[in-house]
Each structure stands twice: as structure tokens, then as C-alpha cells.
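Thanks, everyone. I will keep this short.

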Amino acid sequence: MSTSHRQHLRAGYSRRAFLEGAVAAGAFGLIAPSLLARGAAAATMKDGEVLTGSHWGAFKAKVEDGKWVAVTPWEGDPHPSHQLPGIMDSVYSPTRIRYPMVRKAFLKDGPKADPATRGTDDFVRVTWDQALDLVVKELKRVEETYGPAGTFAGSYGWKSPGKLHNCQNLMRRMMNLKGGFVNSSGDYSTGASQIVMPHVMGTLEVYEQQTVWPVVVDNTELLVFWGADPMTTNQIGWVVPDHGAYPGLKAFKESGKKVICIDPVRTDTCDYFGAEWVAPKPQTDVAVMLGVAHTLYAEKLYDEAFLNDYTVGFDKFLPYLTGQTDGTPKTAEWAAGISGLDANLIKDLARRFAKNRTMLASGWSLQRQHLGEQRHWMLVVLASMLGQIGLPGGGFGLSYHYASGGSPGANGPVLPGITDGGKAVEGAAWLTESGAATIPLARVVDMLENPGKDFDFNGTRAKYPEVKMTYWVGGNPFAHHQDRNRMVKAWQKFETVVVQDFQWTATARFADIVLPATTSYERNDIEQVGDYSLRAILAMKKVIDPVFEARNDFDIFADIAKRLGKADAFTEGKAEMDWIREFYDAALKQAQAKNIEMPDFDTFWNEKGIVEFDVTAGNSFVRYADFRADPLLEPLGTPSGKIEIYSKNIEKMGYDDCPAHPTWMEPVERLGGPTTKYPLHVVTSHPKDRLHSQLCGTKIRDLYTVAGREPCLINTQDAAKRGIKDGDVVRVFNDRGQILAGAVVTDGIMPGAVRVREGGWYDPADPGKPGALDAFGDANCLTVDMGTSKLAQGNCGHTAVADVEKFTGDLPKVKVFDTPTNA
Amino acid sequence: MFRWLLVLLLSALLGSAPARADAPMERGFATASRPLLADPADAKSRLGQVFVATPVAVLERRGGLARVRVEGWHQDGADRLLYALQGKRIRRAILKKDSTGILTRLDSLTDPATGQLWHRVAFEAWTDARHLAPAADPLWEEAEMLFSTRCTSCHERRIPHKYTANQWVGLLKVMGPRTGLPKDKQQLILKFLQFRAKDTRDLPAGD
């Protein structure tokens, strides 16, 4: 790591030299007047250091002669991400979108242009006025021709943090002024659990504070990471991460207490703790949990009093567990047959879970699989049988791996942010599905393919709308959506695709109109530090002037609103700094009411640029302690007020793929599955050196690529069988797609599984051709695109089987990191 | 609203209504969560608390206080917490442990969804008259404004009827504090959402 880091820093310097050249060329080229004028007006610092923030943490940016030249972590960050240098490169890399661009065929023929040539990088540069006129013309045409259901604005993705330049809210703010639109619900991270958990626990679980690390360090005796790699994934946060989980992880390691990692891969977390590695076949976790539960029952190791006082439905689940209802007792031996684990290990896990104060910390990969609703539901049943929910350091947690869940909460105030302007809509129209309709986000391709078709979702049935246009901001669906080839074809149903971004992602390359947005570092904003801890409020000060012709999301949408005759409704007469001051003042008012010291806005902005808050009561938070203390006064949000092992509400829905209690069912395909064609499971973990697909277009790639491609971990035995050596370019393929990747031969992954981390940029050798070979390694070329079940309709990004072979053909060049022709 | 009137009518017929049957019943809605007192002259005679947006019948006014009648449902064995509907945890009032003796039981039923036994009860107490409004609409308007401005900046706007009344309790418990609003305003947003939830929006019983 340290070696590659040094390499990276050197690469950074050469990039800077390149950039200076590029700007110099631009200055004498056709953009010179606007660039110079913009620079003069903005009066950004020429030399110095600016504190700002990002999804990777707060950092200081060093500026020399108006250029950003170095990045160092904020000194308050206990565990800075090694990805910080990639952020700086995202501003200047060849993948930066410089100018407004329109696809050549679209510029000529408009919405009648052949959609099949999308993705071929055939763009023409236009002026901002031309681009925005065209966008507005299309918005109006689609609204007039097809009504509000014609526009899909369910734009999703990891937009940059910042309470003002929240591009997705700003886009919907504009759309709400335009008329109606089709929206989306849910997300790609927790699609299944965020729907099933409210039935089971009465709340989302996945985005909620965990029993805090100091309590875990003091009380937990056995820490189990079940499909979670917190050392890797806590690098990022939805706001500016505080990295508060890392001191907790470190303290737990130093305590010397036992850690078990249940995962097909020996993760960084497993290595960090020197943990016991348990590797069941992927997607068989429910069977393993049932085997553990059966052992607890058979050996009378379960907590009957807890089940009676705090849960309902164990009596209905038990006949299934014992096999009374289906003739199959869910014994450890039965679970061993499905999962490939030793039956004695499963029994031993049960005994150790029961004997110790055990925290079952699960990641989200488990539920991002076909039938994913069952996984965390069964984990809750297991934790209920153990009876430690609500005790310090016991129970379960679904967010220890995300944004430093368990980082103790501070007593500070909360910043408001820009809204989607819903209140500006007359009446309560938005109450009926944001104007026109809402679809479960991950069914977007199904919707495109099947307008008018009925779909089930969480007890309701509705029809897919017929959408004709989309406007995507702050996201990269050509990375996060499954079954890329199906998607490429379905995307052709759109007459018009607008993408606003700062990177030439595959999504931007498959657009008709591309608008260049500023990065967070070219504008002013404000944000909280610490998703769960809310530890500080940070001034996200502008580091440099906008690069090339990039404009702020706020300004772009304000200009569109102006063209729609709604300028004032959009801006409310306020400019960037007015909004930021207003958000800060709202927090200041709360602080004053709570007697918390906080400087006035000007002092905050002009001096330190950060205000930190004390952690007091937050240090001792135990999740569900209140429910455990008095389940009648602090009931859960379920029908019974208790944990629902059996859900009558789900029973009423009558879904064949989501019964009323956790159940083992065969997923559509899996390693060793009865009808599965391919021999290897593809593990698609969250990246270590990216945020999903973000920073893939930067020099930080040098840290991990193998033969210039996304790495593919393969077990030594599987590699030997196929004649694959470390460093070879391999082709990973199934009936849905094929990708190239660089082989990493290792015993750190179980036999029968390969790992290609999600988020590698899609780089088709023949763009637009179904089944095209992907030259870089986008794992979602291989995954299935189906709902987890009729209940949640979440995505199945961890359901994929494939085969791997050494690639011996002519190697296609990786092109997706180059600036598109003419751009 | 209809059910509330019906309940009052029934109560009157059953003879449990404290007000004279020929006097028009004055209705009020709590504009804030306020203490409930046994004795209007003794601020320490606290019985519990009425929650924001709870409907009451105003029986008598004395100075800044009003004697009110509150009705609600409680789960069998949990008589301190009164809810608007049986099985739906939309809070109307909470009583202190030793104050539940003031409850009059009106009727009981077994909730078909959970098999739990629920009781409809009523009580009278004194509360702050300055925090009683004659209509609930301004409260709901405020709630809608707060929801649309404070619950959309971190995540996608949630649609009230995508969740049940009880699920909203769990969601607001976590998300409420993240609005930065005072507790009572969080409670108001919660009630607004609960009466527009998947399992309540078709009921005629909205407070």
C-alpha cells in the first residue's frame, strides 16, 4: 500500500503538469473570454490552504497560483481515508466534463434520433444557452405530449454532500415547478431490509444509530461481522464522515476479544482483527442461521422469557424450524448440506453465541440478493432467541459498517438544507406519489420495458408509467444498476436523456445532453460531520474557481426555472451565501435554545470554518434499551408493538416469495444451487479504493488495477484448474454479459467464489451492442436484474454466477477513462 | 371527527358524560403537549400529559385553565398510554403510574390484527386553556409545512401512506431528532403522518 501510494503521489504531480498545459491551451482557445471573466468575478484565493469536506472526510486543500495542488486530512479525523488524493484528481482528470455537450444525432434529429448510437462518444460541444434551451424544450415537449408521467426524475446516487448544492433535491425542486414527474423510492444499498424491517422491528434499522462503540468495547465478548467489512466501508459517509467507528474498532482489537467474520472473502476487517474466518457458500446465510437457531432450540440454549416478553410469532416459526410443517428439520446437518460449512462448526457457533455477550453486526450484502428480505429478518429471530437485544453490547446491528454507525452522538444542533420545494405545489398533490407515480427504484429497467404492466410492492399493486425522458443528476445508474446489457437496450426507450455531472461516467456517455457541473470544491456549501455522531458543522469553502465551463447545480437549475418562468420560486431570491447563512442560523438558534456555545455565522465562516460539539449522553447509548426496560411504554412500531418473528401483515399479502416468517428458499441462482448452470459465484463487494463508482475515473486506479483492469480475486484451486496465473487478464462471463478483469490469485477467497468489486466503470468494446465485452470490469454486467421479492423489490446486486477463463484474444483498449472525442 | 361525535353522543346516552346533555359541547385541540392536573389550584397535582393535536371536550373554564374530557384507547395491561385508535399508536395522553385510577372504561375489543385486548377509556382533568384551539386544521397545516421542509433535505421525500401508523412511530423516533425541531413539533409531524398512513387514511377517525 505504501509503495503504491508513493507511486500515486508522483502520478499526481505529472497530472498537474498536464493540467497546466490543458488550461493554457484553453486560455488561448475559444473558451478564453468566459473563463477569464468567471475567474475575475469569483475572486477565489490564489495561494493558501482551505478546509472543506467530502464523502471521504474533511480535508485541507492547498492552492498555488489558483490551482489545487495538495490535499491533507483534517487534523480532527481519527482515520483519514487513503482515497483523498483521488478527490483532487477528480477535478482535473481527463474524465472531467468540461463543456455542455449534445449527442450529434440528437442535435440533428432531436428525440427522433436513433437511440442505438448512444454510448459511442459522438458528442458536439454547444454553448450553455443552447444546452439549456434544448433541455427546457424537451421538458416542455414531454410534459405537453405525455403528461407528468412522461418524465422520470427518480434520479438516484451518491450526490456530493452539502446542504445547498444537493443536486437531486435541486433537480426535483425544478421539476416540481415544471409540473409532474415520476419519482422513485428506496435505494440500491438497503432495498430489501428497509422494507421488511419496518414489519419486523417497526423501523428502518439500516440507517439508525447502533449501540455505541464504547459500550461494545466494554461489554461485547464476541463480535460477529456477518457479511460486513467495516474497515473498508466506513471510509465513506453520506454527509462528511467523522470516521468515529475506527477508534472503536481499534479499541476492540486491543481488548483482544474474539471476532468472527462470516464472509466468502477474507476481508480487510478479518485481517485487521486476526479474526476467525467462516466462509459459507454465498446466499446460503439463512440456512446457516436456521442451523444455528435449531441448535439453540435443540440444546435449550435459547431465551424463552425474552421470546415471550418481547416478540410475537415464535410459536408459528417453531414448527418450521423443527420440520413439523415441511418434514425438514433445519438442523445444523441440514444447514451444512446447503452452506458447505461443517455441521459441528454451525453447532459450535450456536453455543458460543449463547455463552457470550454477542453482537451480530451484519452488512447489507446479505439483503442485496434474491430473496434478500429473509436474511436480516432471520438474523433478528436469531438475536431474539439469544435474548440479548437491548442489553449493552448484545443483540444485532445493521449499520456498524456504514458511515461509522456506533460513533457516539454529540449534543449539537442539526443543519436544515435545501428542499425539493414540495410546499410550493398547490394542494396536497404530492401526497399522491410526488405528482404522478413512484416506482421502487431498482425496477427502473423493468418499468422501461413494461409500461402499463402491474407490479407488486409491499402489499400494493400498481402500474408502471410510460416514461419518455429522464434527467439524471448525482448518480451513475450505468454502474449501480444490474444486468448492464438488459439496461443498455431498455435505456433506448427514452427519447431524451439529460445527464448533469462532473465526470464522464458511462451514464454521461449514454446521454443525449450532458451538462458540466462543478465539484464541491468549486463552490461554497455547508455540511454536518458524522452521519450518526453529528459531531461538527463544517464550512465547505470553495477551493478553486470552476474548471472549464462547469457551473453549480443550483445555478443550472435556477436558469432552467427561469426559462420556465419560475425563477423566483426556485431561488426564493437568495444566492449561495444567503442560503448557507440561513442554514447555519437555523442551527445556531437550536444551539442557543440548548445553551450550546456556537459562534455567529461570520466568525464561523471567516475564522475556523468548523464548529465541534461535545459528546456526553451519546457515549452510553444502547439500542433498544428503552424497549427492553418497558415494552408497553416504549413499544416498537409494529402492529403488536413487539418484534415480529411472524408478520400477519406480510401473511395478508400472500406473496409466494416472501412468506410470513423467515424461510429458506432457493435463490434464482447460487453456487451449488440445484438448477444453477455456472460454477462460480461472483462476489460484488463495495470497493476499498472508490465510493461505488466514484473516483474510478481518477489516478487512484493505479492503487488497485491489474493489467489496467478491475481486479478479479480467484481462489488458488479455481485458478489452477483454469490455467490462470496472478496478473493474467481473464474473461468473466455468464449468459447476461462478459467482462475483462485482472486476476489476483489468492487463498483469501473461498473456492467457488470470485470477487469483482462493484463500481468499475462500464467500458463496452462495442458500445450499444447487446452482450458487448466490457473492457474494464463492471461487475453489474454479470448480476441479475430482478426484485428481491414482491415485498421489497430491492435489487439483487450480489446474485450472480459465472465462469472465468484466461483471455487470449486481442485485448480491447480501456477507453472509458479518456476524454470523449470532441469533448 | 365523526367517530368522536358519535362517542360523545353515546357517552351522553350512557350517562357518563359529565356535561349537561342540553349544553353544546365545546371542542378543543391541544396546540402543544401540556400537563394534566387533578386540581386547578395546585400545579403539583399532576396526573400526566396531553399530547399535541389531541382532541378534547372542554367542560369548564377557570382562569387560564380548562377542565377537559379526553378519550382514547389503551392496550390491556398498559393503561398509562392512551391512543387515538385501537392498535394504532397515535398518542393522545400519558398518565403517571399512580394516576390511572381516573380512567373510566367505556368498552373493550380484541384487535383482529394482533389478538391483543384493547379498552376504550375516558378521563377528566384540568389543562392549560391557552393551548387549546377550536380547530385542528391550522395544526395540520403547520405539520405539513414542517414535514415538507424539514424531512426532505437528507433523504428523498417519504410518502405518508407507504408506511403504517405504527411504523411512523419507529421512523420518527430515529429521524425526529435529526430535524433539529423541538420534541413537540416532531410529535406533531408524527401525528400528521400517522393519520395519513397506509392503515388509517381511509378511516373517518382522524383527530
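Predicted model: local features only at pLDDT ≥ 70, side-chain atom pairs only at ≥ 80, totals over all residues.

On one side, 47 residues of chain A make contact, and they meet 42 residues of chain B. The size of an interface is often quoted as the accessible area lost when the parts come together. Here chain A and chain B bury about 3700 Å² between them, with 50% of that on carbon and sulfur atoms.

Now the polar side of it. There are 4 salt bridges between chain A and chain B. One of them links B:E156 to A:R172, with 3.0 Å between the closest N and O atoms. By type, the chain A side divides into 17 nonpolar, 20 polar and 10 charged residues.

Next, the sheet. In chain A, 5 strands form an open, parallel sheet, ordered β10-β9-β8-β12-β13. Which strands stand at the edges? They are β10 (276-278) and β13 (395-397) of chain A; each has a single partner strand, so one side of each has no neighbour in the sheet. Neighbouring strands are turned by 20° against each other on average, ignoring direction.

Within that sheet, β8 (residues 222-226) and β12 (residues 358-362) of chain A run parallel and are joined by 5 bridges. A:F225 sits opposite A:A361 in β12(A).

Last, helix α16 (residues 343-355) of chain A packs on the sheet and touches β8, β9 (258-262), β10 and β12 of chain A. The helix α16 direction makes about 130° with that of β8(A).

Technical notes
Residues numbered from 1 in each chain as written. Chains lettered and ligands numbered in written order. Heavy atoms only, no water. Contact = heavy atoms within 4.5 Å. Buried area = accessible area lost by both parts, 1.4 Å probe. Salt bridge = Lys/Arg side-chain N within 4 Å of Asp/Glu carboxyl O. Nonpolar A, V, L, I, M, F, W, Y, C, P; charged D, E, K, R; others polar. Pairing = 2+ DSSP bridges. Helix = DSSP H or I, 4+ residues; strand = E, 2+ residues; numbered from the N terminus. Axes fitted to C-alpha atoms, helices over the stretch in contact; angles between N-to-C directions.
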